[in-house]
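Please keep the structure open while reading.

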Amino acid sequence: MAAEERLTIHEAGRKLAQREISSVELTRAQLERIDRLEERIKSFITLTPELALRQAEQADQRIAAGGAGPLTGIPMQMKDVISTKGVTTTCASRMLEDYVPVYNATVAERLLSQGAVLLGKGNMDEYAMGSSCENSAFFPTRNPWDLERVPGGSSGGGAAAVSAGQAVYALGSDTGGSVRQPASLCGVVGMKPTYGMVSRYGLVAYASSLDQIGPITQDVTDCALVLNAIVGHDPKDSTSLRQPVADYAAGLGEYTSPSPLAKGGLQGGPVRLGVPEEYFVDGMQDGVRESVQAAIETLESLGASVEPVSLPTTRYALACYYIIAPSECSANLARYDGVKYGFSYQDTQNMWEAMERTRAGGFGPEVKRRVILGAYALSAGYYDAYYLKAQQARTLIRRDFDRVFEQVDALVTPTSPVVAFRLGEKINDPVEMYLIDVCTVPANIAGLPGISVPCGFSQGLPVGMQIIGPHLSEQRLLNIAYAYEQATQWHLERPNI
């Protein structure tokens, strides 16, 4: 197989099943492409070529024996916040620069049990705190569409790798948009499932009530295939939902008529889509607005009914998020004290000084900023004014969504108010950087599923459309996204790199 050939999961799966290629050939082609592009893109923190080729050989044996699944033999990247046994898991932080887990995260175990091939660990914003992949302690990742621009974050390494063809698919984590936003900026598909649908066991925690693992793929069919593999109850995760596991990929097949969204609504009528005015924020780039509006018109032409809706508490979502998430991160990161594992400053006889210097040297500026914000919000005298108020606002935001989903089946919004911005453009302005998450944060606040699909270009850079649904509506979102994808060509566009 030529290193320049780009295959989706379902295309590669067919070729593997028909013995047109082997997993070893596919993996070698991916490694060759990584070798050619990585110096420019920097999407990997750790590469595992020997492990990948061993896994590919085992996958070929499994295919020959007739025991292959849809992901068997397919090379992928895993975000470096997901624990992998025997493979360094750094969270893009000096604090965990040499940390090698002794166990796999549940999602890693599920993928590897299906015969997935791990190419390596993806670069990210440190501890998943960031929107540009510039907060990595090691190096920034670059957007394959323009190497002077960011890929988005925090799962920027995964989005860049899939966009550039360095990996067939990737696994990321989404706390406030960290799968969907980089997918939008890199022109690929990214999905955040309903909170609790995918186990967080082995995911290094940022904000435990918001974190969710999700796939980054080249198209919607691939997204459904990866979702099939990673969803399901896990007794190791107390927040894991006990829900029947659907075959999401098989469910896409029913949307094949000329007007695919004219059926399948809750009452058997057309799919009802709401367009919330609050998501078309001031400062949104004109090209983004125009691309998303054109995509909504396409959905309407496919048989969907479209109506304006309002989510008035959305304007509080960003402020709510930047109190709750830092508060949870300040608690979660308290474990890094320089005693048990990770970076440690020991050149002192004073325990408190050692702890202070460990954290000062082990954490980067954005992580320190969020820990300080969170510790302040949780401190005596401010807890009621900040953290408690944010939790009350969270309840109102959830109720707004519940009310709107009595009227419509799903919401259609921009994923990001802007296309990929230049490296260094926003890194010194935290507030401006935080505003990039304005369209994605509300779904995390309410624990809702959301998917971003490519819907056009502005300034020669990809634009993403976000579709948000009620809890456990993954199949519906995938069907809507698939119908749109089949009617357009945006997902077929590739960066010239």
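This is a predicted model: local features need pLDDT of at least 70, side-chain atom pairs count only at pLDDT 80 or more; totals for chains, interfaces and linings use all residues.

S132 sits in the loop between strand 3 (117-122) and helix 5 (156-164). Is S132 buried or exposed? Its relative accessibility is 0%, so S132 counts as buried; the cut-off for buried is under 20%.

The side chain of S132 makes a polar contact of 2.8 Å with the side chain of E134. Leaving out residues up to four places away in sequence, S132 touches D125, V150, P151, G152, G153, F421 and M433.

## A tyrosine patch on the surface

Y376, Y382 and Y386 make up a nonpolar surface patch. Together they have about 290 Å² of accessible area. Y376 belongs to helix 12 (residues 365-378). At 41% relative accessibility, Y376 counts as partly exposed. Y386 is also partly exposed, at 34%.

## Aromatic pairs

The count of aromatic pairs comes to 13. One of them joins Y376 and Y386. This pair is tilted, with 5.9 Å centre to centre and 55° between the planes. Y376 lies in helix 12 and Y386 in helix 13 (residues 383-404), so the pair ties together parts 10 residues apart in sequence.

F401 and F405 form a pair too. Their ring centres are 6.1 Å apart and their planes are at 15°, so this pair is stacked. F401 is buried, with a relative accessible area of 1%. F405 is buried as well, at 11%.

## An aromatic cluster

Y127, Y336 and F363 form one aromatic cluster.

Terms used. Residues are numbered from 1 along each chain as its sequence is written. Side-chain values use heavy atoms; hydrogens and water are left out. Helices (H or I, at least four residues) and strands (E, at least two) are DSSP runs, numbered from the N terminus. Buried means under 20% relative accessible area, exposed over 50%, partly exposed in between (1.4 Å probe, protein chains only). A polar contact is a pair of N or O atoms within 3.5 Å; within protein, one must be able to donate a hydrogen and the other to accept it, and residues adjacent in sequence count only if both atoms are side-chain atoms. Contact means heavy atoms within 4.5 Å. Patches are made of residues with over 30% relative accessible area and no salt bridge: like charges are joined within 9 Å, nonpolar side chains (Val, Leu, Ile, Met, Phe, Trp, Tyr) within 5 Å. Accessible areas come from the Shrake-Rupley method with a 1.4 Å probe; for residues, only the protein chains shown count as cover. A salt bridge is a side-chain nitrogen of Lys or Arg within 4 Å of a carboxyl oxygen of Asp or Glu. Rings of Phe, Tyr and Trp (its six-membered ring) pair if their centres lie within 6.5 Å; planes under 30 degrees apart count as stacked, over 60 as edge-to-face and the rest as tilted.
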